[in-house]
Amino acid sequence: MTAGTPETKDVVIERTLDAPIALVWQMWTDPEHFKAWYGPMGAAIPVASIDATVGGTRLVCMEMQTPDGTMQMWFTGEHREVVENQRLVYTESMCDPEGNILSPEEMGMPEGHPGITEVVVELREVDGKTKLTLTHVGVPADSPGATGWTMALDKLETHLATS
Amino acid sequence: MTLVEDEALLSETFAALANPTRRQILARLAEGEASVNELAEPFDMSLPAVSRHIKVLERAGLVVQGQRAQFRPCQLDASPLEAVSEWAEHYRPIWESRLDQMDSYLQELQSNQSEGKTK
């Protein structure tokens, strides 16, 4: 196990987009724009509600066609940091269509915590284009159970590496 | 598996791991297979309660219960854990695909705008 802060397993992606910074900001905060691009291949976004203020919520429905019919997945989260045209931080959890985070009981567990992840969007203007840095943090450092989590994963990874 | 199904499975693995009892069960199984009774030993809880935890782990694909008559020992299946420890690698293609779509949507929006401006 490494000393100090545990190695986080974040997704970090940088993109330079040929668009003004204010328009890129709207991609994340305007529901109509967000719906237009957010669905990964094969998924549509029928519902997106975004209150881009600190403490404001997001509710997003992702819909896809499967051999068993239409499948919906709902995600909700809370905006933690909102600095217009610069920085947006929000959490993301699976939820029901009313936006209630699926409790451990509903997921068939007597105790524990639902998985909460955190998305950080940073924008910077570079020569008239917009540099976007996206960070998706698997286990936010201040989330309940984060320490136990990281330790358990470290332990299991050590096991996996040696087996 | 599609990217979205992949994401659903990951969420389930995360949820299964978000419990100290279940993490302890996995840590025990990392040392070798064990019966439900053996797994229950260190815990101050009923056998059915421990079984429920094992069921959650089974659903997440982390534990496989053997078919060998009476003993039916539990075994660790670490493959979903590899997906969790490679969390970033799983999410990266999802985000790459999304940002590709954002990029082309932005170009589309702006070309419509400039067309609108020209007489």
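Here is a short tour of a predicted model, one selection at a time.

**Stop 1: a helix in chain A**

Start by selecting residues 31-38 of chain A, which form helix H2. Colour His33(A), Phe34(A), Trp37(A) and Tyr38(A), the buried residues of this helix. Now turn the view until you look down the axis of H2(A): the buried residues fall within an arc of 110°, so they line one face of the helix.

**Stop 2: from the helix to the core**

What does Met27(A) touch, not counting residues up to four places away in sequence? In chain A, the list holds His33(A), Phe34(A) and Trp37(A). From chain B come Met102(B), Tyr105(B), Leu106(B) and Leu109(B).

Met27(A) also belongs to the largest nonpolar core, a set of 39 residues. Along with Met27(A), the residues with the most contacts inside this core are Trp28(A), Leu132(A), Trp95(B) and Met102(B). Which helix gives the most to this core? Show H6(B), which supplies eight residues. There is a second, separate core of 21 residues too, and Leu29(B), Leu39(B), Ile54(B) and Ala78(B) are among its members.

**Stop 3: a serine on H6(B)**

Stay with helix H6 of chain B, residues 87-117, and pick out Ser97(B). Is Ser97(B) buried or exposed? Its relative accessibility is 10%, and buried means under 20%, so Ser97(B) counts as buried. Show what surrounds it: beyond its neighbours within four places in sequence, Ser97(B) is in contact with Pro40(A) and Met41(A).

**Stop 4: three strands in chain A**

Go back to chain A and select strand E5, residues 87-95. Seven of its nine residues are buried, so the strand is largely enclosed by the rest of the structure.

Now bring in its partners. Strand E4, residues 69-83, runs antiparallel to E5(A) and is joined to it by seven bridges. Strand E6, residues 117-126, is also antiparallel to E5(A), with six bridges between them.

To follow the pairing residue by residue, click on Tyr90(A). This residue of E5(A) is the bridge partner of His79(A), and in E6(A) its bridge partner is Val119(A).

Finish at the turn of the hairpin formed by E4(A) and E5(A), where three residues lie between the strands. Select Asn85(A) there: its phi is positive, at about 65°.

Definitions and conventions
Residues numbered from 1 in each chain as written. Chains lettered and ligands numbered in written order. Predicted model: local features only at pLDDT ≥ 70, side-chain atom pairs only at ≥ 80, totals over all residues. Heavy atoms only, no water. Helix = DSSP H or I, 4+ residues; strand = E, 2+ residues; numbered from the N terminus. Buried < 20%, exposed > 50% of the residue type's maximum accessible area, 1.4 Å probe, protein only. Contact = heavy atoms within 4.5 Å. Arc of directions from axis to C-beta. Pairing = 2+ DSSP bridges. Core = buried A, V, L, I, M, F, W, Y, C linked by side-chain atoms within 4.5 Å.
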